[in-house]
Amino acid sequence: SNPNCPIETVNYYLKATAFQGTSLANNALGTSKSVAALSRDDLAKHVAANHVGARVAIVASGDVDHEEFVKAAQGAFGGLPAGEVLASFGFTPFTGSEVRARDDFKPEAHFALAVEGAPVSSDDYAPLLVASEIVGNFNASSPARFHKSSRLAQINLEDHMASKYTSFVLPFSNTGLFGISAWAPAMAVEDFVYEAQQAWMYLCASASTAEVSRAREAVITNLLSAPTTCGLSMLGSTLLHGPEAISPAGIASQVEDVTVKHVRDVANKYILDKDPAVAAFGPTEGLPDYNRLRGGMSWLRL
């Protein structure tokens with residue numbers, strides 16, 4: 001991870017603790033030590049093993065003539081060796097756990113909480129996107145901070161807690177993460193974490209039709225307005241790792257059918273009373289201990 005980018009460090013720690021003991025815990029970029037130790041032979045072996053026909057997906061978007069595209073692909077990549085098909089990862093266990101790197105000299109704490117989510121090919125992926133949009137995002141430097149519809153964003157603005165937070169859904173081929181990452185002064189971390197977990201519990205029991213409708217339209221807009229490169233990346237990765245190619249437009253069509261019941265069902269399935277994975281970097285003294293965080297994953301209502 002990049003030591004000059006705290007949120008990148010937190011994301012690395014989050015995956016490392018959530019999927020410890022699996023390949024997903026590894027940093028895709030490697031470590032400074034492993035990169036420095038690379039030799040020409042290592043690169044040659046990597047190219048020979050991975051730059052093969054069975055591990056290449058060629059996708060296109062827009063006004064493309066299929067026959068011409070296939071002919072061009074054959075001309076450019078037809079000489080690649082066949083190679084071996086990517087092995088299936090099978091079951092990837094999620095471990096509720098935490099990792100903290102305390103540094104009181106940093107101006108803000110960077111932290112993330114997440115539960116196990118769904119892969120992009122799952123029927124639960126679209127409702128999780130809508131649920132994440134209901135939790136929303138916030139940036140204290142944005143003029144739009146005064147006009148957020150998210151309950152958490154409104155509370156955060158009024159109480160001056162996190163300077164920035166983002167709710168996220170991170171899918172992999174056979175699992176995923178649903179969580180929230182935030183930047184906050186040391187003295188505001190505990191209050192924000194409490195409100196964030198309350199927002200998750202709200203999804204489980206109280207998400208309204210109006211909120212789901214607004215979030216659904218926002219997700220569709222974001223999917224369809226994403227850069228073409230993002231859509232091509234999704235097509236290629238899902239084609240390589242899944243049974244079929246999935247595009248942003250395809251996911252948008254699934255999002256259109258999401259209802260309040262779907263959102264509450266996936267929230268109860270993936271969030272309620274589940275072990276969270278926690279990663280934090282910076283002045284983390286205010287972050288509650290793991291037992292308290294685990295207790296915040298349920299909601300006692302009389």
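A residue is called buried under 20% relative accessible area, exposed over 50% and partly exposed in between, with a 1.4 Å probe and protein chains only. The model is a predicted one, in which local features need pLDDT of at least 70 and side-chain atom pairs count only at pLDDT 80 or more, while totals for chains, interfaces and linings use all residues. Residues are numbered from 1 along each chain as its sequence is written, and side-chain values use heavy atoms, with hydrogens and water left out.

Val 212 belongs to helix α8 (residues 209–224). Helices (H or I, at least four residues) and strands (E, at least two) are DSSP runs, numbered from the N terminus. Apart from neighbours within four places in sequence, Val 212 is in contact (heavy atoms within 4.5 Å) with Val 130, Ile 134, Val 258, Thr 259, Val 260 and Val 263. Between Val 212 and Pro 127 there are 85 residues of separation in sequence, and the C-alpha to C-alpha distance is 9.4 Å.

Helix α8 has 16 residues, which at 1.5 Å a residue should span 22 Å; the end C-alpha atoms of α8 are 23 Å apart, in agreement with this. The expected span of a helix is 1.5 Å times one less than its number of residues. The buried residues of α8 are Glu 211, Val 212, Ala 215, Arg 216, Ala 218, Val 219, Ile 220 and Leu 223. The elements that cover them include α5, α6 (151–159), α7, α10 and α11 (260–270).

The packing of α8 on α10 has an angle of about 170 degrees, with the axes 9 Å apart. Axes are lines fitted to C-alpha atoms, for helices over the stretch in contact, and angles run from 0 to 180 degrees between N-to-C directions. Helix α8 is therefore roughly antiparallel to α10, given that angles under 35 degrees count as roughly parallel, over 145 as roughly antiparallel, 65 to 115 as roughly perpendicular and the rest as oblique. On the α8 side the contact involves Arg 216, Val 219, Ile 220, Leu 223 and Leu 224, and on the α10 side Pro 248, Ala 249, Ile 251, Ala 252 and Val 255. Of these residues, 9 are nonpolar, none is polar and 1 is charged. Here Ala, Val, Leu, Ile, Met, Phe, Trp, Tyr, Cys and Pro count as nonpolar, Asp, Glu, Lys and Arg as charged, and the others, Gly among them, as polar.

Helix α10 (residues 248–255) also packs against helix α5 (residues 125–135), at an angle of about 80 degrees and with the axes 9 Å apart. The two helices, α5 and α10, are therefore roughly perpendicular to each other. Tyr 125, Ala 126, Leu 129 and Val 130 of α5 meet Ile 251, Gln 254 and Val 255 of α10. This contact of α5 with α10 comprises 6 nonpolar residues, 1 polar residue and no charged residue.

In the loop between β2 (109–116) and α5 lies Ser 122, which is buried at a relative accessible area of 17%. A polar atom of the Ser 122 side chain is 3.0 Å from the backbone nitrogen of Asp 124.

Helix α7 is mostly covered, with 12 of its 17 residues buried. Among them are Phe 192, Trp 200, Met 201 and Leu 203.

Phe 178 is located in strand β5 (residues 176–184) and is buried, at 0% relative accessibility. Not counting residues up to four places away in sequence, Phe 178 touches a set of residues including Leu 128, Ala 131, Ser 132, Phe 168, Trp 200 and Leu 203.

Ser 167, in strand β4 (residues 164–171), is buried with a relative accessible area of 12%. The side chains of Ser 167 and Ser 132 are joined by a polar contact of 2.8 Å. A polar contact is a pair of N or O atoms within 3.5 Å; within protein, one must be able to donate a hydrogen and the other to accept it, and residues adjacent in sequence count only if both atoms are side-chain atoms.

His 160, in the loop between α6 and β4, is not a glycine but has a positive phi of about 55 degrees. His 160 is exposed, at a relative accessible area of 68%. Asp 273, also not a glycine, has a positive phi of about 60 degrees. Asp 273 lies in the loop between α11 and β6 (277–282) and is partly exposed, at 46% relative accessibility.
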